[in-house]
Amino acid sequence: MNPEKYRPSSEHSGSHWTTNSGAPVWNNNSSLTVGQRGPILLEDYHLLEKLAQFDRERIPERVVHARGASAKGFFEMTHDISNLTCADFMRAPGVQTPVIVRFSTVVHERGSPESIRDPRGFAVKFYTREGNFDLVGNNMPVFFIRDGIKFPDMVHAFKPNPVSHIQEDWRILDFFSHHPESLHMFTFLMDDVGIPENYRHMEGFGVHTFKLINRAGRETYVKFHWIPKCGVKCLMDDEAVIVGGKNHSHATQDLYDSIASGDYPEWTLMIQTMEIADEHKFDFDPLDVTKTWPEELFPLMPIGRLVLNRNIDNFFNENEQLAFCPALVVPGISYSNDKLLQTRVFSYADTQRHRLGPNYLTLPANAPKCTHHNNHHDGFMSFTKRTEEVNYFPSRLDPVRHAEKYPMSGMEVSGVCDKVVIAKENNFSQAGERYRSWDPARKDRFVQRISAMLLHPRAPKETRRIWIGYWTQCDAELGRKLAAKLQSQAAL
């Protein structure tokens, strides 16, 4: 018997039923009873194992991004950016790297419709020769808050009321009335782009500012953008009701069916770059996740393409157990001081260790495809084969050594430790510019959606007045239109 050959795998399934321990099961239809009518005997191990396994089939769902779909494929470099980064998978045009991608909604539960107005997750795991790189973004280029200390509060505000388990606009309005930095994000969420038609016709953004580091140690700020080759398509409110009513998994099915038919989704990876010496020259903070970089100042540059040409083999193994973390970077890519990014670097890995256990990075979907070596041992569900007797470092008996040093971020930082808001908040200008870029019909639809939120019967008049004041600072016309809507209902 070859014990390696028969490790748990569908490839080695036998011709008859067995227990998890491999014992034969001669009857998988009836419980063991005393006589034909019972009672059932506790010694029916197969029955108990079958029920106990079933009772534990579900793992804790993600707090956010619970509803999602995954696919596999490759990323190929198309342009040379070796002057910007020493990342091995970006070393030259033509280099291909295997990837797995997960798309998701954010707020609602695992079985919720994919046609709701909600940000979408766009997470890409690159299996590079230097370890995994997780680019964990959304379908919108900005976010609601700039400091991760507010993330739990923000999610609680968006989640259903803990008493009624109903998502209610008055709670959202109340929380964000204290955070005007959210206005820019609301011009995306409540705009016509707020409900993607499906995952294939959806943009993706790294959202945060990262750093690229070249072999000489030179650092450059960068933002990542995914542009769908088939174009961006979204659902209007009435269309979303129809689509969601017919199939609450329409986006998952569209992705799966498209790949199965050979119509492979493809995105172009574009970047914006900024010299670090220039970061203080603008009226906004380039590290502020609630801001975009103007494309007229920082043009988009294509560097590669993402192609999804394989459906996942098993939804649980490669979607539910698939885990991403912005902390997973490779040499040549690093973090900026973006406050939200800094907190995500900790929080994502922490939530996966709670959800999947301390060995979640050894699960096949999450494990690197390159050689790896460390002394992280044991813990729940440790199944890595370990034969070494020396599990400490340093040792004269183990030849393992440090990896070759690679260029790392060497920026000097100084200042007084304090809990403060950034100096350049500038919460209103980009939201106003975006509103003014729309045609009149699009503006009217936005006004209708925002006013519908503000007219929630439990929204206090004080909260409504605060929001009208915020939107007026973004654009005077927008403020007047919203005020007129509310005044017509005697809601101010």
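In the predicted model, Arg 434 and Asp 191 form a salt bridge, with 2.7 Å between the closest N and O atoms. Arg 434 belongs to helix H9, whereas Asp 191 sits in the loop between H4 and strand S5 (204–205), so the bridge ties together parts 243 residues apart in sequence. Both residues of this pair are buried. Shared partners also join salt bridges into one network, made up of Arg 117, Asp 192, Asp 237, Arg 445 and Arg 449. In total, the structure holds 32 salt bridges.

A further salt bridge pairs Glu 76 with Arg 305, the closest N and O atoms lying 2.8 Å apart. Glu 76 is in strand S1 and Arg 305 is in strand S9 (residues 301–311), so parts that are 229 residues apart in sequence are tied together. The two partners fall into separate accessibility classes. Glu 76 counts as buried because its relative accessibility is 16%, under the 20% cut-off. Arg 305, at 26% relative accessibility, counts as partly exposed.

Glu 61 and Arg 110 form another side-chain salt bridge, at 3.9 Å from N to O. Here the two residues come from loops in distant parts of the chain, 49 residues apart. Glu 61 is in the loop between helix H1 (45–55) and strand S1 (68–77). Arg 110 is in the loop between strand S2 (96–105) and strand S3 (120–128). Glu 61 is partly exposed, with a relative accessible area of 29%. Arg 110 is partly exposed as well, with a relative accessible area of 24%.

Attention now turns to the nonpolar cores. The largest nonpolar core contains 47 residues. Within this core, the members that touch the most others are Phe 143, Phe 144, Met 154, Phe 176, Phe 186 and Trp 471. Helices H2 (151–158), H3 (169–176), H4 (183–189), H9 (429–436), H10 (440–454), H11 (461–474) and H12 (476–487) each give two or more residues to the core.

Phe 186 illustrates the packing. Leaving aside neighbours within four places in sequence, Phe 186 is in contact with Phe 144, Phe 158, Ile 172, Phe 176, Phe 446, Trp 467 and Trp 471, among others. Asp 191 is also one of the contacts of Phe 186, and Asp 191 is the salt-bridge partner of Arg 434.

Key:
Residues numbered from 1 in each chain as written. Predicted model: local features only at pLDDT ≥ 70, side-chain atom pairs only at ≥ 80, totals over all residues. Heavy atoms only, no water. Core = buried A, V, L, I, M, F, W, Y, C linked by side-chain atoms within 4.5 Å. Buried < 20%, exposed > 50% of the residue type's maximum accessible area, 1.4 Å probe, protein only. Helix = DSSP H or I, 4+ residues; strand = E, 2+ residues; numbered from the N terminus. Contact = heavy atoms within 4.5 Å. Salt bridge = Lys/Arg side-chain N within 4 Å of Asp/Glu carboxyl O.
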